[in-house]
Amino acid sequence: MASRIDDHIRGLLSQIQAEGLYKRERLITGPQAGTVSIRSDGVDREVINLCANNYLGLADHREVIAAAQQALHEFGFGMASVRFICGTQTLHRELERTIARYLGKDDAILFAACFDANGGVFEPLLEADDAIISDSLNHASIIDGVRLCRAKRYRFANGDMNELEDRLKEADRDGARFKLVATDGVFSMDGYVADLPAICDLADRYGAIVMVDDCHATGHLGEAGRGTPALTGVGQRVDIVTGTFGKSLGGAMGGFVAASQPIVDLLRQRSRPYLFSNSLAPAVAAGSIKAIEIAENADDRRQRLAGYSKRFRSGLEQAGFELLPGVTPIIPVMLHEAPLAQKMAAALDDRGVYVAGFFYPVVPKGKARIRTQMSAALTEKEVDSAIDAFADAGRALGII
Ligand SMILES: *Cc1c(COP(=O)(O)O)cnc(C)c1O
């Protein structure tokens, strides 16, 4: 009987609304870019976009679009097959080889999204007598992937290396055969970079392998955009990298695991989101290959992005806002209370700046914020206008 469950769900939805946690989607009428046109009440208007993961500004890059169009003509629209039946084109292998070479790994394997890569990476590699030691702020997809795996689970407080060491010892006491430490490279809500040198040192000392989800870094952080292992100088000491084509690298969709040949080969045999889900669309694969090529040689874009991040940070600090410290293009403006974060987002919207407020349960209670993200797609003038809009809105709401 559908009506009973519908009534129950209507109750849940009203509760979400009453708690001020209901998420509404805004309609963008064109491509993702530094400024986007959004439609509300039938009216379109241009706003400065500070909430996309379009760090390098490749989402509407001419050459990426041309590569995708070319692939549509040459390779068709879709594969209508999983990879191992009849869904592997030369393009898919080319994308796997390209991302593996970019990150200095033996090989890589594609997934429909990094959510699937993280969902499918643990279970084939580890068994009940193994251990996964996971940072408490890891992405939801890592948490889900760990749940789907039979290995014993251990958690350490975000970035707490003493706790990580305690958990490694505990796993040893529990007789773990293999130990794997899993961490985000950049924690998306705070913009903090994982302490990979300390993690790799501990992993060496206790004989663990290291897995980094570098979704918020690949393409724009570190030398040539090779991500947090490059940024923090640990390089190939990270054994397994998972990542996405849905952020810096063109922003379309698709995820990957890059690792040693045996790991990638086993995932191709056993990883369930890989085995039981359709191949990436050819146009997406081709556009992503082009995006990696551009990213590798995009020091100009990385420099612009880093310059904007510094400029925006110091502008907001001078205006009197409380920011979380950091070096990434993720710049969280702390407002603490959810209603204030929502009011601030609305006030910025009135002033032509598109931002997203984050509050419980996405971040802890009392830590509501506006998370801003810089993009190489912005102009310096737009960055400055955004600072002015923040200052004006902040004064209007009595925040600064
Ligand atoms: C965005 C993100 C994902 C999910 O990537 P998709 O390709 O969009 O599924 C996974 N992990 C982290 C850390 C992310 O930021």
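A residue is called buried when its relative accessible area is under 20%, exposed when it is over 50%, and partly exposed in between. By this rule Lys247 is buried, because its relative accessible area is 15%. The model discussed here is predicted.

**The annotated binding site**

- In an unreviewed UniProt entry, the annotation "binding site" covers Cys114, Phe115, Ser188, Thr244, Phe245, Gly246, Lys247, Ser277 and Asn278.
- These residues span 165 residues in sequence, and their farthest two C-alpha atoms are 27.8 Å apart, so they do not all gather at one spot.
- Two members of this set, Ser277 and Asn278, belong to the lining of the largest cavity.

**The surroundings of the ligand**

- The residues around the ligand are Ala113, Cys114, Phe115, Asn118, His139, Ser141, Asp184, Asp213, Cys215, His216, Thr244 and Lys247.
- Helix H5, residues 114-125, contributes the largest share of this shell, namely three residues.
- A polar backbone atom of Cys114 lies 2.8 Å from an oxygen atom of the ligand.
- In the side chain of His216, a polar atom is 3.1 Å from a ligand oxygen atom.
- For Lys247, an N or O atom of the side chain is 2.6 Å from an oxygen atom of the ligand.
- On its own the ligand has 380 Å² of accessible area, and the protein covers 84% of this.

**Two annotated residues in loops**

- Lys247 is found in the loop that runs between strand E11 (240-244) and strand E12 (255-259).
- Apart from neighbours within four places in sequence, Lys247 has contacts with Asn53, Asn54, Cys215 and His216.
- Ser277 occupies the loop between helix H11 (272-275) and helix H12 (282-296).
- Ser277 counts as partly exposed because its relative accessibility is 26%, a value that falls between the cut-offs of 20% and 50%.
- When residues up to four places away in sequence are not counted, Ser277 touches Val82 and Ala112.

- Asp190 sits in the loop between strand E8 (186-187) and strand E9 (192-193).
- With a relative accessibility of 11%, Asp190 counts as buried.
- The side chains of Asp190 and Arg369 are joined by a polar contact of 2.5 Å.
- Leaving out residues up to four places away in sequence, Asp190 touches Leu137, Leu324, Ile330, Pro332 and Arg369.

Note on methods:
Residues numbered from 1 in each chain as written. Predicted model: local features only at pLDDT ≥ 70, side-chain atom pairs only at ≥ 80, totals over all residues. Heavy atoms only, no water. UniProt positions renumbered as here; feature names shortened; annotations may be inferred. 1 Å grid on protein atoms, 1.4 Å probe; cavity = no way out; pocket = protein on both sides within 12 Å on 5 of 7 lines; lining within 4 Å. Helix = DSSP H or I, 4+ residues; strand = E, 2+ residues; numbered from the N terminus. Buried < 20%, exposed > 50% of the residue type's maximum accessible area, 1.4 Å probe, protein only. Contact = heavy atoms within 4.5 Å. Near = heavy atom within 4 Å. Polar contact = N/O pair within 3.5 Å; in protein donor to acceptor, adjacent residues only side chain to side chain. Areas by Shrake-Rupley, 256 points an atom, 1.4 Å probe, with all protein chains shown as cover.
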